Amino acid sequence: MLKEVIVVEGKGDTAAIKRAVDADTIETGGSAAGEEVLRRIELAAERRGVIIFTDPDHAGERIRRIVAARVPGCKHAFLPREEATYKGDIGIEHAAPEAIRRALASVRSEAASKDGGEVTWDDMIAAGLIVHPDAAARRLALGKLLGIGYANGKQFHKRCTVFRISREEFGQAVSAMEAGKERGDER
């Protein structure tokens with residue numbers, strides 16, 4: 001049984017989680033987490049800890065931001081879109097149990113950083129994650145390697161800071177991404 005309570009969007013997500021691991025969930029009920037649900041998440045965070053595990057789409061990212069803003073210190077699990085897609089529909093409910101277990105094994109913890117983090121905006125530019133013709137694809141690939149999911153440039157930088165991605169870890173992931181592209185890997 002996982003100690004933390006997993007925050008998901010709906011009943012299908014809960015069913016998929018329960019097929020993969022022994023855990024309790026809180027369902028947000030869709031794209032907007034209401035006040036009652038947010039209070040339950042706050043209580044769960046105080047008593048057991050919370051892992052936010054929302055769909056890898058716009059609505060899921062919106063819920064992740066709402067919950068994380070309201071309940072600081074949450075842990076985050078990310079699933080790549082291709083592991084959560086079935087017949088064009090994106091959701092945790094479509095993921096294989098192994099993919100869910102991998103995502104939960106790679107959970108990232110939030111941390112307040114007073115110094116702004118190790119990865120700088122210049123590092124982002126140098127890695128081709130912003131102001132680059134393939135920036136979106138590069139962020140997608142690097143997000144998978146770092147286990148922080150896809151985000152736009154500003155949010156990607158924020159995730160590097162919040163999840164305390166070191167410059168060394170960032171550099172190793174960029175090198176792995178570049179090596180994969182040289183081999184023609186589809187990442």
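**Around helix α7**

At the start of α7, a side-chain oxygen of Asn152 comes to within 3.2 Å of the backbone nitrogen of Lys154. Helices here are DSSP runs of H or I with at least four residues, strands are runs of E with at least two, and both are numbered from the N terminus. This is a predicted model, in which local features need pLDDT of at least 70 and side-chain atom pairs count only at pLDDT 80 or more, while totals for chains, interfaces and linings use all residues. Residues are numbered from 1 along each chain as its sequence is written, and side-chain values use heavy atoms, with hydrogens and water left out.

Within α7, the buried residues include Phe156, His157 and Arg159; buried means under 20% relative accessible area, exposed over 50% and partly exposed in between, with a 1.4 Å probe and protein chains only. Just after α7, Arg164 has a positive phi of about 50°.

The structure holds one aromatic pair. Phe78 and Phe163 form this pair, edge-to-face, at 5.9 Å centre to centre and 75° between the planes. Rings of Phe, Tyr and Trp (its six-membered ring) pair if their centres lie within 6.5 Å, with planes under 30 degrees apart counted as stacked, over 60 as edge-to-face and the rest as tilted. Phe78 lies in the loop between β4 and β5 and Phe163 in the loop between α7 and α8, so the pair ties together parts that are 85 residues apart in sequence. Phe163 is buried, with a relative accessible area of 7%, and Phe78 counts as buried at 11%.

Technical notes. Polar contact = N/O pair within 3.5 Å; in protein donor to acceptor, adjacent residues only side chain to side chain.
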